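Here are some short notes to read beside the model. Please keep the structure open as you go through the points.

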Amino acid sequence: MLLLHWKDICNVAGAITLSRLVIAIAFPFFASQAFAAAALLSYGAFSDVIDGVVARGTGTVSHTGGFIDGWVDKIFNINVAWSLVLFDHLPWWMALLLFSREWVQIPLVPYYVTRYLRGHVPTNNPFWAGKVASVTLVVSFFAGILALPTLLMYSSILTFAFGLWTAAVYVERE
């Protein structure tokens, strides 16, 4: 059975991933300032892309790294969303729509944990629609920060649709 090992994230890619956690913690303190919020969001989005590239390029890809990256992504996105809601950059109901994928996945966590503890570790097989949902989520965040309501509405609808589609595919695969 594969377990999580700290040594697997003690590398450059792991440091990039964990730096996003620091940004997630800091984000609420800067969310009221559009420039600072946009800069932190930009770093978070960039680090989410580059950590995997660095891991593949340095031969440090690991189950632990992928697992930690996924959870740090969730923490980062949730912190950004609730901060934007608190500072009136994003309506609360729209924040709920942005996490359609997670609303489907959350009730399944006990099932996945049980399977993992029994030795079933699924291979990381991303679905392209999930990548689209992630990109449109970041676009929605930027649209909220920059007060672009039309872009916010359309990108939120796309995030909702692609998120639900991705969740359905993930559930079906299991």
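1. Which residues does leucine 84 touch, not counting residues up to four places away in sequence? They are Phe27, His89, Leu90, Phe141 and Ile145. Keep in mind that this is a predicted model.

2. Leu84 also belongs to the largest nonpolar core, which has 23 residues. It is listed there among those with the most contacts inside the core, along with Phe27, Leu41, Val80, Leu90, Phe141 and Ile145. The elements giving two or more residues to this core are α1, α2 (34-58), α3 (63-86), α4 (92-98) and α7 (128-145). The most comes from α7, with five residues.

3. There is a second, separate core of five residues. Phe127, Ala129, Phe162 and Val169 are included in it.

4. Now look at arginine 20. It sits in helix α1, residues 12-30. Is arginine 20 buried or exposed? Its relative accessible area is 1%, so arginine 20 counts as buried. Its side chain makes a polar contact of 2.4 Å with the side chain of aspartate 69. Leaving aside neighbours within four places in sequence, arginine 20 is in contact with Gly44, Ser47, Asp48, Asp51, Asp69, Val72, Asp73 and Phe76.

5. Finish with asparagine 11, in the segment before α1. Its relative accessible area is 18%. The cut-off for buried is under 20%, so asparagine 11 is buried. Its side chain reaches the backbone nitrogen of glycine 14 at 2.7 Å. A polar atom of the asparagine 11 side chain also lies 3.2 Å from the backbone nitrogen of alanine 13.

Terms used: Residues are numbered from 1 along each chain as its sequence is written. This is a predicted model: local features need pLDDT of at least 70, side-chain atom pairs count only at pLDDT 80 or more; totals for chains, interfaces and linings use all residues. Side-chain values use heavy atoms; hydrogens and water are left out. Helices (H or I, at least four residues) and strands (E, at least two) are DSSP runs, numbered from the N terminus. Buried means under 20% relative accessible area, exposed over 50%, partly exposed in between (1.4 Å probe, protein chains only). A polar contact is a pair of N or O atoms within 3.5 Å; within protein, one must be able to donate a hydrogen and the other to accept it, and residues adjacent in sequence count only if both atoms are side-chain atoms. Contact means heavy atoms within 4.5 Å. A nonpolar core is a set of buried Ala, Val, Leu, Ile, Met, Phe, Trp, Tyr and Cys residues joined through side-chain atoms within 4.5 Å.
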